[in-house]
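Please try each task with the coordinates open before reading on.

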Amino acid sequence: MTERNYWQRMRRSRLSRRALLRASGRAGVGAAGLALVGCGDDDDDSATQVQQQQQTVAQAQPEQQEQQAAPAQQQQQDQQADAQAQQVEQQEQQAAPAQQQQQDQQQAVATTDSARAGDTDWERIVTVAVPNAVGGLDVQAPGNYTLKWNGPLHFDRLLQYDLVTREIVPHVGNFEWIEDFTALIWHINPGHAWHDGTPLTAEDIKFSIDRAAGAAAYNESGTYETGIAYIVSAVNGESSVVDDLTLRLPVNTDVTAPGSVGTTLPLVPKHLIEEIGDEAYNREGLASGPFQLVNFEPDIEVRSARNDNYPIGYEDLNRIHRPWVKEIVQSVRPEPVARLAAIQAGEADVTPSLEWELVQEFIDEPGFEVLFDPGCCPHTIFPNTLVPMFEDGSNPYRDIRVRQAMNHAVDVETIYTTLATGREQRAYGIGTRQLGGMQPEQSGPLTMEYDVEKAMQLMDAAGYADGFESDFYGTAGFFAWTDQIALSVQQYLDVVGIRTNLQLDPLPDFRARMAQRDVPGLHYYFTNQSPDPFQVINAEVAAGGTLSVAEYPESGIQELVEAQRSEFDPAKRKQYLNELAQLIYTNASWLFLFETVGTGLMRDDLEWDMKGNSRDYGGLWGIRPLVT
Amino acid sequence: MGVQSILSILVSRLLQGILVVFVVVSVVFLVSRLARNPVEYLTTDETTVEEKELLKEQLGLSGPIGIQYVNFLIDAVQLDLGNSFISARPALSEVSSRASKTLQLGAAALIFSLALGIPLGIIAALRRASPTDWLARLLAVLGQATPNFWLGLMLIFFFSVQLGWMPTGGSGGVKHIILPTITLGLLTSAVSMRLTRSGMIDVMNTDFIRTARAKGLRESTVIWRHALRHALLPVATILGLQVGYLIAGTIIVEQVFAWPGIGRLMLHTITVGDFPVLIAAILVISTSIVAANILVDLSYPIIDPRIRAGGR
C-alpha cells in the first residue's frame, strides 16, 4: 500500500466504463468505440486495452471546445451519447449479467494493478475482528445510526464522498437544484435494488426522508422517533414522486441541504417497513448496499456476503463499489489485546482499530501490515466564551491574547510525537486539511508555534500576568491517549498561568455537558472528519450550534458561515470556506492540537487503502484479497 | 428437622430474597437514572435539543424520577421491564438470550473449581507439611492473587497464539469454553482448596474419625464417607457466595474471551445507559444469587446429618 501503488491505481481507475462509453459516443467514435470499451469478448485484457482506451479518451478531449462553440448542438449530442451509452449498458446487463460481472471483475484486476501484486482472490472470506456488534438492524433507529458496522457496508445513501478528492459525488442518485435554489430534483440511478430484489425507487427515497423526519404516512401517530431528523431539517415541504426514478424535494435555500440529506441519510425500504412495522424491521434490516447481511448474532458476529448484483462496478476505486471480498465476517473481540491475538493466531485477517502501542511492533513483521489512517478528527479544545467565568462577569477566553497565549503555550509536536504515532499533523481551522479549508502553504506562516515567552507576554498584555483558574473538561476512552493528552495540555497551560482543574468523563456525559453551552472553562473535544465541513460548522462554529461554546460575534466568523451557506457556486463556496478556516485559526478561536491518525493491523495477503475509513467499518468494501 | 421446618425456612428465605432483589433493583434504577443520560449516546453532535427531548419522551425518560419509578414498579411486577433503547427488543428477552451462555460458563467454572479445589485440599490435608501440601498452598495463593483479566490474556497468548490449541475467543464449541472456565474458576478453586484442607485437618483429628479407624474401616472409607462430609460444610457455605463472585467475574472474563453472556451485556448497557436491559440483567443476577443461597441453606441437612436430626 505504498504511495506509488496508490497513485497507479488512481490513474487507471479514472477510465471508468461509463465515462468511456460517453466519451466515445460524444467523440463520434460510435459503434467501434463502444465495441472497444465493453461490448465484445475481446475487451478483457488490459494493458493494451487500457492504452486503446486512453487513445479513445484523448480523441474525446476536444469535446470541451465544441461545447463552448455550439452549446445546443453539443447538448443534443451529449444526450444522444448518454442515451446510447445507457442503452448499451442496459442491453449488456439484460443480455448477459454473468458475463458482465466477469468482465467487471477482470477489469477490476486490471485497474488495481498493484506492485504488491497478485490477482484478486474472489472466493476469499475475510474475518475482521471488531470491538462490538450490538443493537438492531434498522439503520435509522436511535442508537443504530451511531453504530459503525451497520453503516455503508449494508446501507446505501444518495450521495457519497470521493475518498481522495473529498468531493460529494453521486452514489444511488444525483441531484440538481431547481426553482431558484428552493427545491432539489433527485435522480436515482437505475439498477439499484433492495437485497430482496425489489427495485429501489423514488418512493423509497421519499419514504426514507419522511421517516427520518417522523413524517412518514405509516407513522401518523408520531410514536416512532428516529433521532436523526436533523439530517433532513432543510426539507421544508412535502416531497413528490415525479416518476420511479425522480423525486422533487422542497428545501430551504441552503447549499448544504443536498450534502446533508444525500451523504448522511441511510436509505430504508418502504415496502418492507410498511408491511412489517418498525420493530420487525429492526430485526430484518433489509438494505441495498454493497454487502448483503447474511447472519447477525448480537455480540458474536455479523456475516455479510458480496452483493453480486450491486450496480456500481470497479470503475472508480475511490468510491463505494461492488466488493472484492466474497464474505466479510465481523467477529467480536472486545479486548484490544484479544483482537491482536486473533490476528496472530490466524483467526482474523484484519482489525481496523487497534492502539498504536499494540501494533507498532508489527511494522517490520513479515506477514502483517500496519494500517495507518490519517486525517481524522482534529483534537481541539474549545474555550467557552458564552458565559462569565468569574463573579465580576469577566471571561478571559474572550480576549484573543489569552487564546493566542494558550496556543503558543502548548508544544503540539512534542505531544503527538511522544504520545501518538508521530505521523500526526497539526490541526488548523475548521477540521482536517482535506476539508478544502486551510492548506499547508497557507497554514505554515500562520502557525502559532510553541513559544512560552511569547505566551507569557500575551498573558501579561491581556492583564493576566498572574494567570487565572479555569475548569477543563475532557473525555476518556473515545480516542486513544485523550486522557494523557489532556494531562499534558494541563501542564503546558499551567506554565503560563492558566491553572486548570481537569475532569475526564465518558463521552456521552462530556457531550451532554458541552451541549448545555453554559458551563464555563475549556472543553476538549474534536472536530468532525466529514469531508464537507458543514457538519462541523453547523454543530461547533455557527452561532447557536448544538456544541458551539466558542463564539466571537465581532470576528466576522458568523458572516462567513452565512455566506458559505448561501453560496451555490462551488468555487466561491470553497473560497469562503478557506477564508473561514483561516479566520477561525487567526482568531485563535480554539486551542488547536492535531489530526488523529488511526491505526490497525492486517495480514499482508490483503490490500486495503483505508483513506480515512478506520473509524467506519463501512469502508470494509475496499478490502481486496490477493491470491497467494 | 421435619418437612414443615424446611418449608418454613424456605418461605422465610424466599421473602428475604424478594426483599433483597427489590432493594437491589430499586437502587440500580435510581442510581442509573441519576448518573447517565442515554439520549446522549443515542444521538449525534448535530441532534437538536428539541429532538433530544422528543426522544427522551419516547424512551420514558422525561418527567419526575419518582413518577418514572412508580411506573417502572407497576410494569415490573408484570415482568415488563420495557424495551432495550438500542435494539428495541424486550429487555428480559435480551437478557434471557444471554443467560444460558453465562450459566454455561458459570457452571463449568464451578465444576472446574470444585473438581480441582476439593481433591487438592484433601491431598494437602492428608500430606500436611509435605512438599505436596506446600505446592498446593502455593497454587492456592497464586490462584487467589492472580487478576483474572491478566490470567485470561496470558492463557490466550500461550494456548492460542503460541500453541494454537485453543481459540482466542468467541463461543461455539467445547474448545471455546476451556480457557474462560480456567480463568474464571481458578480463584474459586483456590478458595475451595483452602477450605477443604483446613476442614479436613480439623475433622481428621476428631474422635469419630479415630473411632472409625478403630472399627477397622478402610482409610478411603474414613476419608470419603466420614471426614469429607463434615469438611465440606464450610465449602458449601462459601459456595453461595462464590456464585456471586462467579457472576461478577464473568463481566471481565466474558470481555476478554468475547463470551456473549450477561456480563458483557451489562458492561455494554452501563456504558451506553441502556437502562431497561441493565435492570433486567441485575434482576436476573440478583435472583440467581438469592436462589443459589437458598439452595445452599436447604442443602445443609443433606450434607450434615446433625442438622437434619435437630438443628444443633
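**Exercise 1.** With which residue does A:R517 form a salt bridge, and how far apart are the closest N and O atoms?

*Solution.* The model is a predicted one. Step one is to identify the partner of A:R517, which is A:E551, with the closest N and O atoms 2.8 Å apart.

**Exercise 2.** Determine on which side or sides of helix α14 (residues 412-419) of chain A its buried residues lie, and what they pack against.

*Solution.* First, list the buried residues of the helix, namely A:V412, A:I415, A:Y416 and A:L419. These residues cover an arc of only 90 degrees around the axis, which puts them on the same side of α14(A). Next, look for their surroundings: the buried residues of α14(A) pack against α17 (482-495) and β17 (591-592) of chain A. Finally, turn to A:E413, which forms a salt bridge with A:R426 at a closest N to O separation of 3.1 Å. Because A:E413 lies in α14 and A:R426 in the loop between α14 and α15 (440-446) of chain A, the pair ties together parts that are 13 residues apart in sequence. A:E413, at 28% relative accessibility, counts as partly exposed, while A:R426, at 7%, counts as buried.

**Exercise 3.** Describe the surroundings of A:T256, and decide whether A:T256 is buried or exposed.

*Solution.* Begin with the location, which is the loop between β7 (246-250) and α9 (257-264) of chain A. The relative accessible area of A:T256 is 6%, so this residue is buried. The side chain of A:T256 makes a polar contact of 2.8 Å with the side chain of A:D254. Leaving aside residues up to four places away in sequence, A:T256 touches A:F534 and A:R573.

**Exercise 4.** How many residues of helix α8 (residues 202-212) of chain A are buried, and which elements do they pack against?

*Solution.* Counting along the helix gives 10 buried residues out of 11, so that α8(A) is mostly covered. The packing partners of these buried residues are β5 (183-188), β6 (240-243), β7, α9 and α10 (270-284) of chain A.

Note on methods
Residues are numbered from 1 along each chain as its sequence is written. Chains are lettered from A and ligands numbered from 1 in the order in which they are written. This is a predicted model: local features need pLDDT of at least 70, side-chain atom pairs count only at pLDDT 80 or more; totals for chains, interfaces and linings use all residues. Side-chain values use heavy atoms; hydrogens and water are left out. Buried means under 20% relative accessible area, exposed over 50%, partly exposed in between (1.4 Å probe, protein chains only). Helices (H or I, at least four residues) and strands (E, at least two) are DSSP runs, numbered from the N terminus. The arc is that of the directions from the helix axis to the C-beta atoms. Contact means heavy atoms within 4.5 Å. A polar contact is a pair of N or O atoms within 3.5 Å; within protein, one must be able to donate a hydrogen and the other to accept it, and residues adjacent in sequence count only if both atoms are side-chain atoms. A salt bridge is a side-chain nitrogen of Lys or Arg within 4 Å of a carboxyl oxygen of Asp or Glu.
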